[in-house]
Amino acid sequence: MCAINIKELDLNLLRILRAVVETQNSHAAAEKLGISQTSVSRAMAKLKENFGEQLFIRKAHGVEPSELAIMLAEASTQMLHPVERVIEDYSAFDPKQYSGSVNILANTFLLEFFGPRLILALYAAFPNSTFNISQWQKDSLYEVLQGNIDYVIQFDSYDMPQDMYCRNLATMENVILARKDHPSLSQGSEWCSIHNLPIVRLYLDGINPRRGILERVYEQQGYQANFLLTTHSVRTVVELVKNSDAIIYSSDYVRQIAPELACYPLPPLSHQYNVLDINGAYLQTRRGSPFSQYLHQTVQTFFDQTLSA
C-alpha cells in the first residue's frame, strides 16, 4: 500500500468506496450514485492504487470488500455525513423558513423612493426574517467586502470592484424636473435658453466626485453649471424646485412625491447621460448561494413590477 496524504485524498473516492462496499457490485454502485460504470471502475483502480490491490476481491457476481474497505466505508460515513448535510441544507434553502437577517445597502436616492415598497416585497419573500436596510455611505464598500452585507442596490455609475457580482435591475430615463409653466422651459430646453438656470443637485455618498457629471456636461457645451443647492435630501430638493426657477436633472420617478412638478425634455446630450442604470450586487463568493440568488430574484422582480406599473 502506497503512503498517501489524507489532505490530497479525493473525497468523491470515499463516496464511491462506500457505495461499492454497500452493494458489493460495481454496476449497482454506479446506479446508486447515478454515475457511469466507467467512473466507478476508475475510482476503484485509484482506491487500490492508494490502499492496496486487496482492498476489493473480485468474485463471480461482484466484489468482496476487505476488512480495510469496510473500515474506510464506516469512517467515510462519519466523515462525509456532516458535509452531505451541509450541502443538502444549502441546496434545499427555503426562504419562507429562513429566520436569519437580510442586510441590504441602497443608494440614498433609491432608498428614498423605493424603500417603502421594497421592504414589503422582502417581507413577503422572507416572512420569518429580520431586516437591516441602510443608505450607502463612503465606508460602505468595506462593510460589503467584509461579508457583512447581503445585497447592494446602487447606480451603475458607482464602480464596483471585481469581488462583486453585479446585475442590472432597471433603467430609468433622465428628464429635467421643474415647476409647472416654467418661464424658460415652457419655451424649450435648448442649451441656449436653459444654460443659466439655477440647478439643484442631489449629493449621493460614494457617487458624486468633487467635479461631477453635470460640471463636465455644461463645460462640453461651453457653459458653467449654476448650482443653487447641493443636498442629500430629496424632499429639500423638491421644495426648492417647486418654489423657484431652479431645475433638477433626475428621473420622472421624483414626481411620485411631487406631482406639482413637471417633466421637460433634456437638452441634446449623448446617450450615456439620458438614462440611470440601477444595479444589484453581491459578493462573487456567494454567486452559488441559494439565499443570494433568491434575494436577487426578489429585488429584480420588485423593480420589474414597480417600473412597469
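A disulfide is a pair of cysteine sulfur atoms within 2.5 Å. By that criterion the structure holds zero disulfides. Cys166 is partly exposed, at a relative accessible area of 33%, and Cys263 is partly exposed at 30%; here buried means under 20% relative accessible area, exposed over 50%, and partly exposed in between (1.4 Å probe, protein chains only).

This is a predicted model, in which local features need pLDDT of at least 70 and side-chain atom pairs count only at pLDDT 80 or more, while totals for chains, interfaces and linings use all residues. Residues are numbered from 1 along each chain as its sequence is written, and side-chain values use heavy atoms, with hydrogens and water left out.

The structure holds 18 aromatic pairs. Rings of Phe, Tyr and Trp (its six-membered ring) pair if their centres lie within 6.5 Å; planes under 30 degrees apart count as stacked, over 60 as edge-to-face and the rest as tilted. Tyr98 and Phe291 are a tilted pair, because their ring planes stand at 35°, with the centres 4.9 Å apart. Tyr98 lies in the loop between helix H4 (67–91) and strand E3 (101–106), and Phe291 in helix H10 (residues 290–308), so the pair ties together parts 193 residues apart in sequence. Helices (H or I, at least four residues) and strands (E, at least two) are DSSP runs, numbered from the N terminus. Tyr98 is partly exposed at 23%, whereas Phe291 is buried at 12%.

One aromatic cluster is formed by Phe109, Phe113, Phe114, Phe155, Tyr253, Phe302 and Phe303.

A charge sits over a ring if NZ of Lys or CZ of Arg is within 6 Å of the ring centre and within 35 degrees of the ring normal. The charged end of Arg201 is placed over the ring of Phe227, 3.9 Å from its centre. Arg287 lies over the face of Tyr165, 3.8 Å from the ring centre.
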